Amino acid sequence: MTELIVRQIEDGVMTIRINRPQKKNALTVAMYEGLADAIQAADEDDDVRVMLLRGTDGVFCAGNDIQDFLQWPPFDESSQVVRFLMTLIHARKPIVAAVQGPAVGVGTTMLFHCDLVYAGEGARFSLPFVNLALVPEAGSSYMLPQMFGHQRAAELLMLGEPFDAQMASEAGFVNAIYADDQVIAIAEEKARQLAAKPPAALRLTKALLKRGSQPQIAEAVRVEAGHFAELLQSPEATEAFTAFMERRQPDFSKFS
Ligand code: COA
């Protein structure tokens, strides 16, 4: 069976590759577990100084697998999704991300918790939670207004329209934009540069940078997860997921 989360360690960098291209790297429960395990292993392994998070050629991640939403609706604090988010948020070592193509839902929100984010010109970010009758997750209801301002955050979260690498870069969400076929190699080079730095100073710098916001982010993740779990069971969400699977527009007109 193909490994859905692939880890590789080289030059002090653990590359964590989301590897389900036939489903645009949509994440199943097992994949969240694989991601959490990988980050935890990287944090504990003295041979790893930096993590590099990436998708497959041309696609970063299409968010949570929508079939999985229907099959495994609970999304409470004991779920692998929340474990992944908490592991990511509390990671001790720097995380570099390379984004090519779509980054949808958690494919975008996980990037808020990375340290350096590089995007290909064709990267497309989106937060379609409301369109799926859901609420923001991964602390994005806290991070997004901080980074983009309330009105822009409301636009991105309520209308759920995609935004491009340029807009992400202007908000400071992306460090730099490169040609799509170069972004992975450049992110790898940045990760190697970090891995050559004094590791204790690097880890402490990350901890200091996150010190002011980490408790609020973790709290936001918990509060969001409660609402998310509730809404996952709602008739609105069932309509949204079924419509996606049936490749039709959802009809929310009958809900009050
Ligand atoms: N969950 C489950 N399956 C998904 C998926 C997801 N989040 N995203 C994509 N897929 C599947 C499609 O159903 C399709 O499967 P099929 O070939 O068996 O029919 C396959 O991946 C390819 O997707 P497709 O939509 O044909 O690719 P595209 O290049 O036209 O569009 C996306 C790519 C990512 C823009 C589009 O797939 C998309 O919007 N996906 C949904 C994203 C989403 O809403 N995620 C949840 C966020 S909370």
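## Contacts, helix packing and salt bridges in a predicted model

Leaving out neighbours within four places in sequence, valine 106 is in contact with Leu27, Tyr32, Gly63, Asn64, Phe84, Leu85, Phe129 and Glu137. This description rests on a predicted model. Valine 106 belongs to helix H4, which covers residues 106–109. With a relative accessible area of 2%, valine 106 is buried, the cut-off for that class being under 20%. Arginine 83 is 23 residues from valine 106 in sequence, and the two C-alpha atoms are 14 Å apart.

**Helices H3 and H10**

Leu85, one of the contacts of valine 106, also takes part in the packing of H3 on H10. Helix H3 spans residues 80–89 and helix H10 spans residues 214–232; their axes come within 11 Å and cross at roughly 170°. Angles over 145 degrees count as roughly antiparallel, and H3 and H10 are therefore placed in that class. On the H3 side the residues that meet H10 are Val82, Leu85, Met86 and Ile89. Their partners in H10 are Gln214, Ile217, Ala218, Val221, Arg222 and Ala225.

**Salt bridges**

The model has eight salt bridges.

| Aspartate 65 | Arginine 20 | 2.7 Å |

What separates the bridge between aspartate 65 and arginine 20 in sequence? Aspartate 65 forms a salt bridge with arginine 20. Aspartate 65 sits in the loop between strand S3 (50–54) and H2, while arginine 20 sits in the loop between strand S2 (13–18) and helix H1 (29–44), so the pair ties together parts that are 45 residues apart in sequence. Aspartate 65 and arginine 20 are both buried.

An α-helix has 3.6 residues a turn, so residues three or four places apart point the same way. Glutamate 155 is partly exposed at a relative accessible area of 37%, and arginine 152 is partly exposed at 39%.

**Helix H11 and its surroundings**

Glu239 is one of the buried residues of helix H11 (residues 235–245); the others are Ala237, Ala240, Phe241 and Ala243. The buried residues of H11 pack against H2 and H10. After H11 comes arginine 247, which has a positive phi, near 55°.

Where does a nonpolar patch lie on the surface? Leu70, Phe244 and Met245 form such a patch, and together they have about 270 Å² of accessible area. Leucine 70 comes from helix H2, residues 66–71. Its relative accessibility is 34%, so leucine 70 counts as partly exposed. Membership of a patch calls for over 30% relative accessible area.

Key
Residues are numbered from 1 along each chain as its sequence is written. This is a predicted model: local features need pLDDT of at least 70, side-chain atom pairs count only at pLDDT 80 or more; totals for chains, interfaces and linings use all residues. Side-chain values use heavy atoms; hydrogens and water are left out. Patches are made of residues with over 30% relative accessible area and no salt bridge: like charges are joined within 9 Å, nonpolar side chains (Val, Leu, Ile, Met, Phe, Trp, Tyr) within 5 Å. Accessible areas come from the Shrake-Rupley method with a 1.4 Å probe; for residues, only the protein chains shown count as cover. A salt bridge is a side-chain nitrogen of Lys or Arg within 4 Å of a carboxyl oxygen of Asp or Glu. Helices (H or I, at least four residues) and strands (E, at least two) are DSSP runs, numbered from the N terminus. Buried means under 20% relative accessible area, exposed over 50%, partly exposed in between (1.4 Å probe, protein chains only). Axes are lines fitted to C-alpha atoms, for helices over the stretch in contact, and angles run from 0 to 180 degrees between N-to-C directions. Angles under 35 degrees count as roughly parallel, over 145 as roughly antiparallel, 65 to 115 as roughly perpendicular and the rest as oblique. Contact means heavy atoms within 4.5 Å.
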